[in-house]
Amino acid sequence: MTVLILNGPNLNLLGVREPELYGRQDYAALTALVEETCRTEGIEMEMVQSNHEGVLVDTIQQALGRFDGIVINPAAYTHTSVAILDALKAVALPAVEVHISDVSQREAFRQISYAGQACVKTFMGLGLEGYRQAILYLKEYLNEKR
Ligand code: CA2
């Protein structure tokens, strides 16, 4: 089983600012958590972060045939990007949405998730642990489908 972990804009700044929202752990810590989770679960993975919507769309398109599923935190593009939604729908790979913060308790403009409409499940408000939960959920989902 091979999964793509995709992170959107500014998530590379984790741990630098807004610890009340996103915690004190940095992107390297997130990478370590994801790598450790996948190693423990016997999953191969690639993690990509981009600040560019088109790169995220390209990466989703290129996932077809290479990955069994996607864990995605589109960050701010969650709330704006029909292009990312369309790409997820086009490849039709099982995708799980993650948000570090609890977006349901935040500003009105964060209450819509486009990408989430192409995802089988969303984890939010669990901090970096949400990525671990998303990977475990995706593994179960893919195993049930097989
Ligand atoms: O809670 C999440 O994971 C979000 O996807 C994070 C996005 C935000 O736009 C979404 O509404 C919810 C923001 C990511 C920016 O991350 C930063 C981390 C540290 C310092 C500054 C930004």
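**A residue and its fold**

Mentor: L56 is found in helix α3, residues 53–63, where helices are DSSP runs of H or I with at least four residues and strands are runs of E with at least two, numbered from the N terminus. The model is predicted: local features need pLDDT of at least 70, side-chain atom pairs count only at pLDDT 80 or more, and totals for chains, interfaces and linings use all residues. Residues are numbered from 1 along each chain as its sequence is written, and side-chain values use heavy atoms, with hydrogens and water left out.

Trainee: Is L56 buried or exposed?

Mentor: Buried means under 20% relative accessible area, exposed over 50%, and partly exposed in between, with a 1.4 Å probe and protein chains only. The relative accessibility of L56 is 2%, so the residue counts as buried.

Trainee: How far apart in space are L56 and P9?

Mentor: P9 is among the residues that L56 touches, not counting those up to four places away in sequence; contact means heavy atoms within 4.5 Å. In sequence the two are 47 residues apart, and their C-alpha to C-alpha distance is 9.6 Å.

Trainee: In what order do the elements run from the N terminus on?

Mentor: The protein has five helices and five strands. From the N terminus on, their order is β-α-α-β-α-β-α-β-β-α.
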